[in-house]
Amino acid sequence: MSRDRRKEEIRKLIQEDDPEALPSSKVVSIRGDGNVVGDGNTVIRTDKVEHRPRVQVSPGDQHISDEQAATLKRMVGEVVETESLVKMNPKSYQAVWSALNRHCRVPQYRLIPAESFEKARRYLSQWLGRLGNAKTAPRKIPDWRKSRYAYIHTSLKQLNAESDFRDLLAKRYNATSMTELSDAELNEVRDVVAGWKRAGR
């Protein structure tokens, strides 16, 4: 008789005399860091539990204010809404926030330094400008022309460039008012004024 067969027969005899002597194998799954004690027939499988540290956002005086944070939130909302109107695959809130955070090199927008607020605001403003320049924008964005007028008027006041603007309308478009411009011309004018702003004219 082979050694293995002999062992098996002895095992059967012991089980017949005392069924509890050789209990069937158990599989135990453990999650966590506790101590586990098992017998010879227990298979212990452990799953490692990773505890990720929670990032605490503690903005201080060196970061954007509550009012500035509210401005950025409003602008992100405008970007997402406009994306949904003019894009086939619009960006989500998460995607827009991630892009803004990457641009400002911070993990969360509340940690944007106070001195970088204008950089963040300009980034979102330019994003809105690009969306407004889409071919479908005049048809799909409600009050598209009105928003263009508002941007141009506000920018001209900041730059104190109303007379330059009137000259631009007269010489390039033979017009005295923005209402006389086509959608494409209005877009061109908006881009010119945006260029003046970037140059700090």
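## Ground rules

Residues are numbered from 1 along each chain as its sequence is written. In this predicted model, local features need pLDDT of at least 70, side-chain atom pairs count only at pLDDT 80 or more, totals for chains, interfaces and linings use all residues, and side-chain values use heavy atoms, with hydrogens and water left out.

## Overall layout

The protein chain has eight helices and two strands. Both kinds of element are DSSP runs, numbered from the N terminus: helices are H or I runs of at least four residues, and strands are E runs of at least two. Along the sequence, the pattern reads α-β-β-α-α-α-α-α-α-α.

The chain has 201 residues, and 31% of them count as buried. Buried means under 20% relative accessible area; exposed means over 50%, and partly exposed lies in between (1.4 Å probe, protein chains only). Now take the contacts with a separation of 6 or more: residues 24 or more positions apart account for 57% of them. Contact means heavy atoms within 4.5 Å.

## The nonpolar core

In soluble globular proteins, nonpolar side chains tend to be buried together. The largest nonpolar core here has 46 residues. Such a core is a set of buried Ala, Val, Leu, Ile, Met, Phe, Trp, Tyr and Cys residues joined through side-chain atoms within 4.5 Å. Leu100, Ile112, Leu124, Ile152, Phe165 and Trp196 have the most contacts inside this core. The elements that give two or more residues to this core are H2 (66-86), H3 (93-104), H4 (117-132), H6 (144-159), H7 (162-173) and H8 (183-199).

Look at leucine 100. Beyond its neighbours within four places in sequence, leucine 100 is in contact with Val76, Ile112, Ala120, Tyr123 and Leu124.

## H2 against H4

The axes of H2 and H4 come within 10 Å and cross at roughly 15 degrees. Axes are lines fitted to C-alpha atoms, for helices over the stretch in contact, and angles run from 0 to 180 degrees between N-to-C directions. H2 and H4 are therefore roughly parallel to each other. The cut-offs are these: under 35 degrees is roughly parallel, over 145 roughly antiparallel, 65 to 115 roughly perpendicular, and the rest oblique. Residues making the contact include Leu72, Val76 and Thr82 of H2 and Ala120, Leu124 and Leu128 of H4. H2 passes H4 in a left-handed crossing. A crossing is left-handed if the near helix is turned anticlockwise from the far one by less than a right angle, and right-handed if clockwise.

Two H2 residues are worth a look. Leucine 72 lies in H2 and counts as buried at 0% relative accessibility. Leaving aside neighbours within four places in sequence, leucine 72 is in contact with Ile64, Trp97, Ile112, Phe117, Ala120, Arg121 and Leu124. Leucine 72 and arginine 110 are 38 residues apart in sequence but 9.9 Å apart in space, C-alpha to C-alpha. Threonine 82 also lies in H2. Threonine 82 is buried, with a relative accessible area of 13%. Not counting residues up to four places away in sequence, threonine 82 touches Leu128, Leu131 and Ile141.

## H2 against H3

H2 and H3 pack at an angle of about 125 degrees, with their axes 10 Å apart. The two helices are therefore oblique to each other. Leu72, Lys73, Val76, Gly77, Val79 and Val80 of H2 meet Tyr93, Val96, Trp97 and Leu100 of H3. H2 passes H3 in a right-handed crossing.

## H8 and its cover

H8 has 17 residues and reaches 25 Å from its first C-alpha to its last. That is close to the 24 Å expected at 1.5 Å a residue; the expected span is 1.5 Å times one less than the number of residues. Glycine 200 follows H8, with a positive phi near 70 degrees. The buried residues of H8 include Leu186, Arg190, Val193 and Trp196. H4, H6 and H7 are among what covers the buried residues of H8.

The axes of H6 and H8 come within 10 Å and cross at roughly 30 degrees. That makes H6 roughly parallel to H8. H6 passes H8 in a left-handed crossing. Valine 193 is in H8 and is buried, with a relative accessible area of 0%. Not counting residues up to four places away in sequence, valine 193 touches Ile152, Ser155, Leu156, Leu159 and Phe165.
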